[in-house]
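Dear colleague,

I am passing on the structure below, and would be grateful if you could read the notes that follow with it open beside you.

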Amino acid sequence: MTTAFITHPDTLLHIMDGNHPESPARITAIKNYLIKQDVYNHLAIYESPVATDAQLAKVHSTDYIARIRALSPKAGLVRLDPDTAMGPMSLSATLHASGAAILATDLVMQGKAANAFCCTRPPGHHAGRANSAGFCIFNHVAVGVAHALTQYKVKRVAIIDFDVHHGDGTEDIFKYNPQVMLCSTFQHPFYPHRGFDSRTKTMINVPLAANADGKKYQQAFSHEFLPALNQFKPEIIYVSAGFDAHVDDPLAGMNLIDQDYIWMTEFIKQVAKQHAQGRIVSLLEGGYHLPALAKAASAHITSLMLA
Ligand SMILES: [Zn+2]
């Protein structure tokens with residue numbers, strides 16, 4: 001079985017402003033590096049559908065979905081919050097990014113792919129039930145998780161979020177849902193300044209001081225995540241795969257290197273193999289240094305392929 005790589009042309013057409021670090025070049029950098037490394041040819045490439053309003057409404061309020069649709073501009077930029085804006089193609093991009101999570105879930109749950117990587121943008125993990133935040137409009141990982149819970153009657157889903165920023169939108173959506181465990185490492189104190197004091201039995205928030213390296217992350221994964229995951233026994237694992245904890249990333253202050261993304265992926269594969277029949281759906285979140293993003297994402301994807 002293969003690793004699915006899901007993307008869509010419109011993911012390149014969401015543009016916040018000329019110099020914004022959350023740019024289409026991120027997607028192109030990953031794809032070009034995969035081609036250069038002769039990895040791309042060995043992936044099963046899919047174009048994502050749009051997520052339907054019914055699929056989005058499992059995690060977002062219908063008022064919020066209607067508001068985003070109404071705000072979508074014909075030209076120019078509409079600001080949703082201090083960090084997030086929509087241009088004419090942003091709605092389509094974010095709907096296809098959520099749709100990628102749906103398709104990835106279908107492929108993995110139906111045994112048509114061993115695992116899947118959604119190479120789409122804008123990212124999603126800061127988007128809450130009724131709000132955009134931090135470059136995110138809809139919460140794609142949450143949309144995928146809700147699809148697994150409702151469509152496939154999965155009982156327990158784990159999300160591992162190794163983006164340098166806390167997945168606060170994901171936490172908001174699932175904090176009272178005992179069927180969903182979130183394991184999140186993040187720089188603290190740092191944007192979004194949340195999650196550091198809200199750990200519960202299913203919200204395994206592990207704040208890490210700036211300059212944490214692979215060793216610190218290994219401790220968090222093996223001492224905090226692993227016991228929780230082994231007790232929870234997820235039936236499928238989602239990954240909020242942000243690559244902005246990389247040492248080269250200009251937006252954050254952590255010290256991960258390319259190889260760290262290999263052992264993190266191996267860790268996730270091991271847990272998935274033990275509890276979840278190997279099922280992994282991974283989604284691109286952050287990562288803003290283009291060469292580092294390309295190499296770290298490629299390390300993650302290559303590791304997924306060796307399932
Ligand atoms: Zn981030």
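Phe267 lies in helix α8, where helices (H or I, at least four residues) and strands (E, at least two) are DSSP runs numbered from the N terminus. With 20 C-beta neighbours inside 10 Å, Phe267 counts as buried; a residue is called buried if 20 or more other C-beta atoms lie within 10 Å of its own, exposed if 12 or fewer, and partly exposed in between, with C-beta atoms placed from the backbone. Phe267 and Ala297 are 30 residues apart in sequence, and their C-alpha atoms are 16 Å apart in space.

Residues are numbered from 1 along each chain as its sequence is written. This is a predicted model, in which local features need pLDDT of at least 70 and side-chain atom pairs count only at pLDDT 80 or more, while totals for chains, interfaces and linings use all residues.

As to the overall picture, the protein chain has nine helices and ten strands, and its C-alpha atoms fill a box of roughly 50 × 40 × 40 Å, taken along the principal axes. For 307 residues, a compact globule would have a radius of gyration near 19 Å, and the 17 Å of the protein chain agrees with that; the radius is taken over C-alpha atoms, and the globule rule is 2.2 Å times the number of residues to the power 0.38. Buried residues make up 55% of the 307 residues. Of the contacts between residues at least 6 apart in sequence, 73% join residues at least 24 apart, a contact being two residues whose C-beta atoms, placed from the backbone, lie within 7 Å.

Strand β1 (residues 3-7) pairs with β5 in the parallel sense over four bridges, and Phe117 in β5 is the bridge partner of Phe5. Four bridges also join β5 to strand β10 (residues 280-284), again running parallel, with Val281 in β10 as the bridge partner of Ala116. In a regular strand the side chains alternate between the two faces of the sheet.

Helix α5 (residues 140-151) is largely enclosed by the rest of the structure, because ten of its twelve residues are buried; among them are His140, His147 and Leu149. Its end C-alpha atoms are 16 Å apart, which agrees with the 16 Å that twelve residues should span at 1.5 Å a residue, the expected span being 1.5 Å times one less than the number of residues.

The largest nonpolar core has 100 residues, and those with the most contacts inside it are Ala104, Ala116, Cys118, Val145, Ile159 and Ile237; helix α4 (residues 90-109) gives the largest share of this core, eleven residues. Such a core is a set of buried Ala, Val, Leu, Ile, Met, Phe, Trp, Tyr and Cys residues joined through C-beta atoms within 7 Å.

Positive phi values occur as follows. Just after α5, Lys153 takes a positive phi of about 55°. Lys233, in the loop between α7 (214-232) and β9 (236-241), has a phi near 55° and is partly exposed, with 14 other C-beta atoms within 10 Å. Gln277, in the loop between α8 (258-275) and β10, likewise has a phi near 55°, and with 13 C-beta neighbours inside 10 Å it counts as partly exposed.

With best wishes

Methods:
Pairing = 2+ DSSP bridges.
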